[in-house]
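Here is a short briefing to read with the sequence and the 3D view side by side. Please take the topics one at a time and find each residue as you go.

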Amino acid sequence: MRTISIGDLHGHTIWKTINPSLYEKIIFLGDYVDSFDISDDQILNNLLDILEFKKSYPNKVILLLGNHDLQYLFNYDQYGCSGYRPQMYSQLYDIYNGNKKSFQMSYQIDDTIWTHAGIHQTWYDQRFSIFARDYPDLTLSEQLNLAFSKFNYYSLNDVGHRRGGHSNVGGPFWCDREELSNNPLKGYNQIVGHNRVKFLTKIYKHNKEIVFIDTLENDNPKFFEKNFK
């Protein structure tokens with residue numbers, strides 16, 4: 001299975017250069033909105049085009065949510081982050097909530113898992129393992145998606161000290177690169193965005209690979225391809 005992962009776009013349209021016929025899965029890692037240099041109209045139209053792309057390839061295109069998307073799906077006071085555009089709130093709230101079924105928070109193939117910011121071992125042990133034990137027949141990704149979509153499990157949005165929050169480590173929407181690099185969840189390869197890197201960056205921990213792909217540099221986010229048997 002040939003996959004391509006797309007980092008945080010923040011209104012950029014470079015994803016349109018991808019030829020969908022070349023891939024079995026096209027995985028967006030969230031943060032479709034908020035920018036310091038792109039107009040409201042371009043951000044809005046790009047998000048609508050991404051949703052149309054999903055509708056055209058419903059089983060091929062995976063749309064994950066990022067922390068910048070949550071502040072419009074829910075509300076700014078609870079999920080706020082930089083770049084918030086209050087003038088777009090009503091429109092984006094309607095779009096995200098009107099297309100909830102098109103989005104998810106996690107995706108998984110075998111022992112590789114995609115989330116916006118990554119899964120930290122301490123966060124999992126302290127904040128999620130009790131929930132996960134109630135659903136032993138589900139994959140980790142299925143557990144995360146269930147916790148988010150059905151229960152709005154608040155710890156998913158934990159913000160760690162390194163990101164200005166009050167939790168000891170960040171959850172899968174906010175985990176900081178240094179946190180994740182030091183202690184990623186054991187047993188899984190991870191592909192994440194959220195943390196800006198100049199070049200696509202891979203690290204190896206516990207015999208697994210963590211790939212950081214938020215490489216929005218000079219308006220040119222990079223893509224990461226991986227083949228699965």
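The lining of the largest pocket has eight charged, eight polar and four nonpolar residues. Here Ala, Val, Leu, Ile, Met, Phe, Trp, Tyr, Cys and Pro count as nonpolar, Asp, Glu, Lys and Arg as charged, and the others, Gly among them, as polar. This is a predicted model, in which local features need pLDDT of at least 70, side-chain atom pairs count only at pLDDT 80 or more, and totals for chains, interfaces and linings use all residues. Residues are numbered from 1 along each chain as its sequence is written, and side-chain values use heavy atoms, with hydrogens and water left out.

**The two pockets**

- A pocket is an open set of points on a 1 Å grid over the protein atoms alone, where a 1.4 Å probe fits, with protein on both sides within 12 Å along at least five of seven lines; lining residues have an atom within 4 Å of a point.
- The largest pocket holds about 360 Å³ of space, a volume being the space filled by probe spheres set on the points, which are joined across faces, edges and corners.
- Of the 20 residues that line the largest pocket, His10, Phe36, His68, Ser82 and Arg196 lie nearest its centre.
- The second largest pocket has a volume of about 250 Å³, and its lining has six nonpolar, four polar and two charged residues.
- Helix α6 gives the most to the lining of the second largest pocket, with three residues; helices (H or I, at least four residues) and strands (E, at least two) are DSSP runs, numbered from the N terminus.

**Two loop residues**

- His10 is found in the loop between β1 (2-6) and β2 (25-28), and its phi is near 50°, a positive value in a residue other than glycine.
- His10 has a relative accessible area of 10% and is buried (under 20% relative accessible area, with exposed over 50% and partly exposed in between, using a 1.4 Å probe and protein chains only).
- Asp31, in the loop between β2 and α1 (40-56), has a phi near 60°, also a positive value, and counts as buried at 2% relative accessibility.

**Strand β9 and its partners**

- In strand β9 (residues 208-212), five of five residues are buried; Lys208, Ile210 and Phe212 point one way, and Glu209 and Val211 the other.
- Strand β7 (residues 189-192) pairs with β9 in the parallel sense over three bridges (pairing takes at least two DSSP bridges), and Val192 stands opposite Phe212.
- Strand β8 (residues 201-205) pairs with β9 in the antiparallel sense over five bridges, with Ile210 as the bridge partner of Ile203.
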